[in-house]
Amino acid sequence: MLSAQPEAVIWAAGAQPLCPAQVKGIESAQVVFAEDLLRNHRPLGECIAVIGGGLVGCETALHLDTLGKRVILIEMQPELLADNIFLQNKMMLINMLKASKIMVLTGRQLTQIKAQSIVLTSEDGPEEMVC
């Protein structure tokens, strides 16, 4: 069990959001799409899990970090920004993430959203982050 305690889950699965039905609890009130967060400035808790380490997820995590939020960025691929983006942009974002206070977890897939936690699965098995 990790000590991080996200109070909100930001779904940042790309410009065309991918919202897999197999994620239990995905329609929970604490789930906010990145676009809705950025457009509507919805108030959130202090600890936020951002799901998706592509361009949208990384930029959303960095935005929340500048607001003073405790951010956990979760990506199912072994590295962030796995899509083909301009190399200089990728390196700039990676450097910004390294300089931030964002906790980055790669190689983990969100499998469930509960009222007080989220469940991630990796090759090491499931792990629950208390919220």
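Among contacts in the chain between residues at least 6 apart in sequence, what percentage join residues at least 24 apart? In this predicted model, the share of such contacts that join residues at least 24 apart in sequence is 56%. The chain comprises three helices and eight strands, which follow one another along the sequence in the pattern β-β-α-β-α-β-α-β-β-β-β. Of the 131 residues in the chain, 44% are buried, and the accessible surface amounts to about 7,500 Å², with 53% of that area belonging to carbon and sulfur atoms.

Strand β3, formed by residues 47–51, is largely enclosed by the rest of the structure, because five of its five residues are buried. The side chains of this strand are divided between two directions, with Cys-47, Ala-49 and Ile-51 pointing one way and Ile-48 and Val-50 pointing the other way, and residues of both sets are buried. Strand β3 is paired with β4 in the parallel sense, over five bridges, and within this pairing Val-50 stands opposite Leu-73 of β4.

Two of the helices, α2 (residues 55–66) and α3, are in contact. Packed helices are described by the angle between their axes and the distance between the axes. For α2 and α3, the axes come within 10 Å and cross at roughly 35°, and the crossing of α2 past α3 is left-handed. On the α2 side, the contact is made by Leu-55, Cys-58, Glu-59 and Leu-62, while α3 contributes Leu-93, Met-96 and Leu-97. By class, the residues of this contact comprise six that are nonpolar, none that is polar and one that is charged.

Helix α1, which spans residues 34–40, contains Leu-37, and this residue counts as buried because its relative accessibility is 5%, below the 20% cut-off.

Most residues other than glycine have a negative phi. Leu-81, although not a glycine, has a positive phi of about 55°, and the residue is located in the loop between β4 (70–75) and α3 (87–99). Despite its position in a loop, Leu-81 has a relative accessibility of 2% and therefore counts as buried, the cut-off for this class being under 20%.

Notes:
Residues numbered from 1 in each chain as written. Predicted model: local features only at pLDDT ≥ 70, side-chain atom pairs only at ≥ 80, totals over all residues. Heavy atoms only, no water. Helix = DSSP H or I, 4+ residues; strand = E, 2+ residues; numbered from the N terminus. Buried < 20%, exposed > 50% of the residue type's maximum accessible area, 1.4 Å probe, protein only. Contact = heavy atoms within 4.5 Å. Areas by Shrake-Rupley, 256 points an atom, 1.4 Å probe, with all protein chains shown as cover. Axes fitted to C-alpha atoms, helices over the stretch in contact; angles between N-to-C directions. Left-handed = near helix turned anticlockwise from the far one by under 90°. Nonpolar A, V, L, I, M, F, W, Y, C, P; charged D, E, K, R; others polar. Pairing = 2+ DSSP bridges.
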